Amino acid sequence: MRDESISKIFEDARVEGRNFLFEHEAKNLCSKYELPVTRFTVSKTEDEAIEAAKELGFPVVLKIVSPQVLHKSDAGGVLIDIKDEDGVREGYNRILDNVKAKVPEAQITGILVQEMAPSSTEVIVGSTKDPTFGPTIMFGLGGIFVEVLKDVSFRLAPITRTDAEEMIREIKSYKILEGARGMPEADQKALVDILLKTSELLMECPEISELDMNPVLVYEKGAKIVDARIILD
Ligand code: ADP
Ligand code: MG
C-alpha cells in the first residue's frame with residue numbers, strides 16, 4: 001500500500017486546480033521512491049533564498065515556481081551556477097522580471113533554490129500513458145540524441161531488471177554511456193536503479209499521465225535527477 005503522504009502531493013495540486021506537479025512536488029514524490037534528486041528549498045523572499053543557498057552550499061540553481069509556468073527555461077525562469085549571495089539576490093529578481101515579461105499573468109508561488117549538479121552526460125527518463133496498456137517508460141540520451149535523432153527505447157511498465165538493462169543497451173548512442181569520445185563512463189547500475197524505481201512509482205501512482213525526468217546527469221558513480229515534470233490525469 002502506498003504512503004498517505006503520496007496522495008497528499010496529488011491532492012495539493014488538485015485543490016489548486018493545477019494539472020501538473022511543481023518540480024519540487026515531483027521531486028518530493030521521487031524521493032519517496034528513493035530516486036536520486038537534487039536537494040532543494042522553496043523560498044518566498046530574497047533573504048530566504050540566500051539562507052537556503054548557504055544551507056545547500058554554493059553554487060546553486062534558481063528556478064521559478066508558478067502555476068502558469070510548466071516549461072521554466074522558456075519563461076526565463078532558470079539560472080544556473082550562482083556562486084554567491086549577491087548572485088542569489090540578483091538572480092532572484094532577474095527571474096521574477098523575466099517571468100513577468102514573458103508570462104504577464106503568472107502568479108509567483110516562490111523561487112526554488114537547489115543544489116547545482118556538476119555537468120556530465122545527460123540522459124532522459126520519461127513516461128506517457130497508453131490508453132489500453134497503461135504507463136510506458138522511455139529512456140534515451142539528452143539533448144540532440146533525443147530531440148533530433150529520436151534515439152530512445154520504450155517498454156510498458158512494470159519492467160524487470162533485465163528490461164531496464166536492455167533499454168539502456170539498445171539505444172544507438174549506447175557507446176557514449178560506455179565512455180566513447182572522451183565522455184565519462186556512465187554508472188549503468190545507477191541508471192537501471194532509476195528505471196526500476198520509476199517503474200514502481202508509475203505503477204503505484206495512476207494519477208500520473210506524463211512524466212519527464214529531463215535531464216538526469218549520470219556520473220562514473222551515481223546519477224542525479226535535476227528536473228522532474230509530472231502531468232496529472
Ligand atoms: P525546464 O523546465 O526548462 O525543463 P530545467 O529544470 O530542466 O527547466 O532547467 C533547465 C536546464 O538547466 C536543464 O536542462 C539543465 O541543463 C540545467 N539545470 C537545471 N537544474 C540544474 C541543477 N540542479 N544542476 C545543474 N544543472 C541544472
Ligand atoms: Mg527540464
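Strand β3 (residues 60–65) pairs with strand β5 (residues 110–115) in the antiparallel sense over 6 bridges; two strands pair if DSSP finds at least two bridges between them. Within this pair, valine 65 stands opposite glycine 110 in β5. Helices (H or I, at least four residues) and strands (E, at least two) are DSSP runs, numbered from the N terminus. This is a predicted model, in which local features need pLDDT of at least 70 and side-chain atom pairs count only at pLDDT 80 or more, while totals for chains, interfaces and linings use all residues. Residues are numbered from 1 along each chain as its sequence is written, chains are lettered from A and ligands numbered from 1 in the order in which they are written, and side-chain values use heavy atoms, with hydrogens and water left out.

The open sheet has 4 strands in the order β2-β5-β3-β4, with antiparallel pairing. Its edge strands, each pairing on one side only, are β2 (40–43) and β4 (78–82). On average, neighbouring strands of this sheet are turned by 20° against each other, direction ignored. Helix α3 (residues 46–56) packs on the sheet and touches β2, β3 and β5; the direction of α3 makes about 15° with that of β5. Contact means heavy atoms within 4.5 Å.

## Helices α1 and α2

Helix α1 (residues 4–15) packs against α2 at an angle of about 165°, with the axes 10 Å apart. Axes are lines fitted to C-alpha atoms, for helices over the stretch in contact, and angles run from 0 to 180 degrees between N-to-C directions. The angle makes α1 roughly antiparallel to α2, a term for angles over 145 degrees.

In the contact, Ser5, Ile6, Ile9 and Phe10 of α1 meet Glu25, Asn28, Leu29 and Lys32 of α2. These residues divide into 4 nonpolar, 2 polar and 2 charged. Ala, Val, Leu, Ile, Met, Phe, Trp, Tyr, Cys and Pro count as nonpolar, Asp, Glu, Lys and Arg as charged, and the others, Gly among them, as polar.

## Histidine 24

Histidine 24 is in helix α2 (residues 23–32). Its relative accessibility is 13%, so histidine 24 counts as buried (under 20% relative accessible area, 1.4 Å probe, protein chains only). Leaving aside residues up to four places away in sequence, histidine 24 touches Phe40, Val42, Val65 and Leu112.

Strand β6 (residues 121–130) and β7 run antiparallel and are joined by 6 bridges. They form a hairpin with 3 residues between them. Valine 123 stands opposite leucine 141 in β7.

β7 also pairs with strand β8 (residues 152–156), in the antiparallel sense over 5 bridges. Here valine 152 in β8 is the bridge partner of glycine 140. Strand β7 (residues 134–141) is largely enclosed by the rest of the structure, because 8 of its 8 residues are buried.

Methods:
Buried means under 20% relative accessible area, exposed over 50%, partly exposed in between (1.4 Å probe, protein chains only). Angles under 35 degrees count as roughly parallel, over 145 as roughly antiparallel, 65 to 115 as roughly perpendicular and the rest as oblique.
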